Amino acid sequence: MADAEGGISTPMLLARSRHASVRFLERYARPGVDAVARHVAERDPAARRRS
């Protein structure tokens, strides 16, 4: 599910997938390694201070 990698919120993912439970959503929303690395880099306080 590309939206999960794009930073879409959990409630929006649930609504778009028509799942009522995060447990079912977890089956499809598995961000890849690149998406996780991007997420970490964007939220790294040390990196933000250097900018």
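## About the model

This is a predicted model, in which local features need pLDDT of at least 70 and side-chain atom pairs count only at pLDDT 80 or more, while totals for chains, interfaces and linings use all residues. Residues are numbered from 1 along each chain as its sequence is written, and side-chain values use heavy atoms, with hydrogens and water left out.

The mean pLDDT of the protein (the predictor's confidence in each residue, from 0 to 100) is 79, and 88% of the residues reach 70 or more. Confidence is highest in α2, at 86, and lowest in helix α5 (residues 45-50), at a mean of 66. Where pLDDT is low, the predicted coordinates should not be read in detail.

## Overall fold

The protein has five helices and zero strands, giving the pattern α-α-α-α-α along the sequence. Helices (H or I, at least four residues) and strands (E, at least two) are DSSP runs, numbered from the N terminus.

Of the 51 residues, 14% are buried. Here buried means under 20% relative accessible area, exposed over 50%, and partly exposed in between (1.4 Å probe, protein chains only).

## The nonpolar core

Which residues form the largest nonpolar core? There are five: Ala4, Leu13, Leu14, Leu25 and Ala29. A nonpolar core is a set of buried Ala, Val, Leu, Ile, Met, Phe, Trp, Tyr and Cys residues joined through side-chain atoms within 4.5 Å. Leaving aside residues up to four places away in sequence, Ala4 touches Leu13 and Ala29, where contact means heavy atoms within 4.5 Å. In soluble globular proteins, nonpolar side chains tend to be buried together.

The largest pocket holds about 210 Å³ of space. Its lining consists of Ala4, Glu5, Gly6, Gly7, Pro31, Ala35, Val36, Arg38, His39, Glu42 and Arg43. α1 (2-5) and α4 (33-42) are the elements that give two or more residues to this lining, and α4 gives the most, with five. By class, the lining has four nonpolar, three polar and four charged residues. Ala, Val, Leu, Ile, Met, Phe, Trp, Tyr, Cys and Pro count as nonpolar, Asp, Glu, Lys and Arg as charged, and the others, Gly among them, as polar.

The second largest pocket holds about 150 Å³, and its lining includes Ile8, Thr10, Val22 and Glu26. Both α2 (10-17) and α3 (22-25) supply at least two residues there. This lining has seven nonpolar, two polar and one charged residues. On a 1 Å grid over the protein atoms alone, a pocket is an open set of points where a 1.4 Å probe fits, with protein on both sides within 12 Å along at least five of seven lines; lining residues have an atom within 4 Å of a point. Grid points are joined across faces, edges and corners, and a volume is the space filled by probe spheres set on the points.

## Residues to look at

Back to Arg18: its phi is near 65 degrees, a positive value in a residue other than glycine. Most residues other than glycine have a negative phi. Arg18 counts as exposed because its relative accessible area is 77%.

His39 lies in helix α4 and is partly exposed, with a relative accessible area of 42%. His39 and Gly6 are 33 residues apart in sequence and 9.4 Å apart in space, C-alpha to C-alpha. Gly32, in the loop between α3 and α4, is partly exposed at 27% relative accessibility. Gly32 and Glu5 are 27 residues apart in sequence and 7.3 Å apart in space, C-alpha to C-alpha.
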